[in-house]
Amino acid sequence: MPTVGDELEVDPLLPGAGVPLTATITSVPSEDVARYALMLGDDALITAQRLGELVAKGPELEEDIALTNIALDQLGAARMFLQYAGRGLDKTEDELAYFRDEAEFRSCALVEQPNGDFGQTIAKVLLTSLYQQLLYRGLLDSSDEFLAAVAAKSIKEVDYHVEHASMWTVRLGDGTEESHRRMQAGLEMMWPYVDELFNDSPCADLIDSGVAVSPASLREEFDARLAEILQTATLRVPEIPPARGQGRFGLHSPHLGYILAEMQVLARQHPGATW
Amino acid sequence: MTEPAETAEAIVRSVRSVCDPEIPVLTIADLGILRSVEVEAAAEADETAEGKETGEGKETGGTAGLRAHVVITPTYSGCPAMETIRVDVQRAARAAGATEVDVELVFSPAWTTDWMSDEGKAKLDAYGIAPPTGKAAAGPIGLSMAVKCPLCHSLNTTELSRFGSTACKALYRCSDCLEPFDYFKVH
């Protein structure tokens with residue numbers, strides 16, 4: 001019987017090129033790995049939902065499209081992580097997204113912060129995507145084949161988010177007096193929530209087994225990359241003490257409840273609805 | 001009665017010819033998001049239980065159907081066209097004679113514009129969308145070569161917006177003929 005597809009050769013230079021084509025699609029993670037995937041997925045999901053608030057409300061048409069395209073990429077990553085987590089926790093991606101309460105979410109405090117003005121939004125996208133870029137790069141070497149595959153898929157998208165946010169950070173920081181002031185203020189608004197990203201304790205066991213990337217090990221490069229961007233943008237690295245972030249353990253600010261209310265209302269009012 | 005092998009060929013052709021819903025001039029094979037199509041004799045259903053004993057029955061076009069297994073991969077991880085493509089693939093395979101179709105979505109290895117066929121790039125250009133200009137594997141994103149205006153073929157073009165009408169495109173404008181156009185990003 002005929003088969004096609006052999007003509008599609010995979011360039012060995014691409015990230016994830018060595019990963020087998022279909023081996024990963026039905027694998028079932030252990031409960032620990034599923035909880036880790038949930039943490040990664042929740043960051044992406046809440047990022048997507050927050051940025052999605054800007055649909056038709058962006059500061060200009062191009063940026064409206066850009067921010068919501070970034071949200072779409074984040075939603076795609078969230079779905080892959082949540083589907084995988086769901087196979088280990090015996091839940092569907094929709095059950096995980098729509099029928100968990102705040103305390104069951106593992107997202108960090110940074111991604112739930114309000115969009116604020118454009119400086120604040122760009123600061124948040126910059127910090128989030130820079131962190132995800134380093135994290136996904138590390139995950140390419142994860143002993144978990146599925147997580148490595150998702151990272152290989154998402155990193156190309158996140159690279160683009162970093163570029164976009166860096167470009168705006170420089171344009172605003174090195175722009176007018178007002179744009180500089182607002183970009184700096186946006187960074188300072190987000191800064192207390194950066195520390196939480198680099199805490200190893202929520203996934204310590206999985207770091208030892210080679211599944212998870214040690215977030216603490218990414219801090220040095222994160223700081224160096226950020227300092228370089230901020231220097232070009234004539235901005236200062238904020239010196240503000242970290243907030244007590246416990247999102248990874250289910251303790252969230254009131255922001256998350258409002259985000260979930262909007263995200264989940266339809267699915268909860270009309271369980272099983274399809275469209 | 002058509003030979004199963006012939007029907008199988010038709011199923012493969014039919015699946016290959018499914019078009020991208022957002023860019024209807026490109027087939028999913030042109031785009032490189034169709035990873036494989038396999039057609040095999042379907043596992044015997046209840047009605048074929050008798051035929052199974054005689055063995056020869058299904059070989060000569062008996063009651064057993066053909067099962068198509070299709071593997072597709074998304075361009076961008078959140079691409080909303082995938083669900084439509086999945087349904088279109090199902091329909092195309094059945095229309096060509098498949099009795100069972102399963103469409104599997106894989107993420108790995110990650111899709112790249114390097115998989116787009118030359119024919120597909122030519123079709124894009126003719127449709128008014130500038131095709132990707134470089135190799136994703138050759139370097140970091142954003143270092144693509146000059147983008148050629150699909151209307152007047154000038155290389156004197158500028159990026160208006162890094163994000164365009166779909167996740168896979170950016171918005172450009174030609175500085176010579178002044179027309180804005182979509183550019184399929186190197187990815």
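The structure shown is a predicted model.

**View 1**
The peptide bond that joins S108(B) and P109(B) is cis, with an omega of about -5°. P109(B) belongs to the loop that runs between β3 (100–105) and α5 (118–127) of chain B.

**View 2. Domain 1 and domain 2 of chain B touch one another.**
Chain B is divided into domain 1, covering 4–105, and domain 2, covering 117–184. In the contact between them, 10 residues of domain 1 of chain B meet 10 residues of domain 2 of chain B. The side contributed by domain 1 of chain B comprises six nonpolar, two polar and two charged residues.

**View 3. A UniProt feature is placed on residues 67–102 of chain B.**
An unreviewed UniProt entry assigns the feature "domain: MIP18 family-like" to residues 67–102 of chain B. Over this stretch of chain B the chain is 42% helix and 25% strand, and the C-alpha atoms at its ends are 8 Å apart.

**View 4. Helices α5 and α7 of chain A cross obliquely.**
The axes of helix α5 (residues 118–139) of chain A and helix α7 (residues 177–190) of chain A come within 7 Å and cross at roughly 55°. Because of that angle, α5(A) counts as oblique to α7(A), and α5(A) passes α7(A) in a right-handed crossing. On the α5(A) side the contact is made by G119(A), Q120(A), I122(A), A123(A), K124(A) and L127(A), and on the α7(A) side by R182(A), M183(A), A185(A), G186(A), L187(A), M189(A) and M190(A). Sorted by class, the residues of this contact between α5(A) and α7(A) are eight nonpolar, three polar and two charged.

**View 5. Helix α6 of chain A also meets α7(A).**
Helix α6 (residues 145–173) of chain A and α7(A) have axes that come within 7 Å and cross at roughly 130°, which means that α6(A) is oblique to α7(A). The contact brings T169(A), L172(A) and G173(A) of α6(A) together with S179(A), H180(A), R182(A) and M183(A) of α7(A). In the contact of α6(A) with α7(A), two residues are nonpolar, four are polar and one is charged.

**View 6. T234(A) has a positive phi in a loop of chain A.**
Although T234(A) is not a glycine, its phi is positive, at about 55°. T234(A) lies in the loop between α9 (219–232) and α10 (254–269) of chain A.

Key: Residues numbered from 1 in each chain as written. Chains lettered and ligands numbered in written order. Predicted model: local features only at pLDDT ≥ 70, side-chain atom pairs only at ≥ 80, totals over all residues. Domains from an automatic or database assignment. Contact = placed C-beta atoms within 7 Å. Nonpolar A, V, L, I, M, F, W, Y, C, P; charged D, E, K, R; others polar. Axes fitted to C-alpha atoms, helices over the stretch in contact; angles between N-to-C directions. Helix = DSSP H or I, 4+ residues; strand = E, 2+ residues; numbered from the N terminus. Parallel < 35°, antiparallel > 145°, perpendicular 65-115°, else oblique. Left-handed = near helix turned anticlockwise from the far one by under 90°. UniProt positions renumbered as here; feature names shortened; annotations may be inferred.
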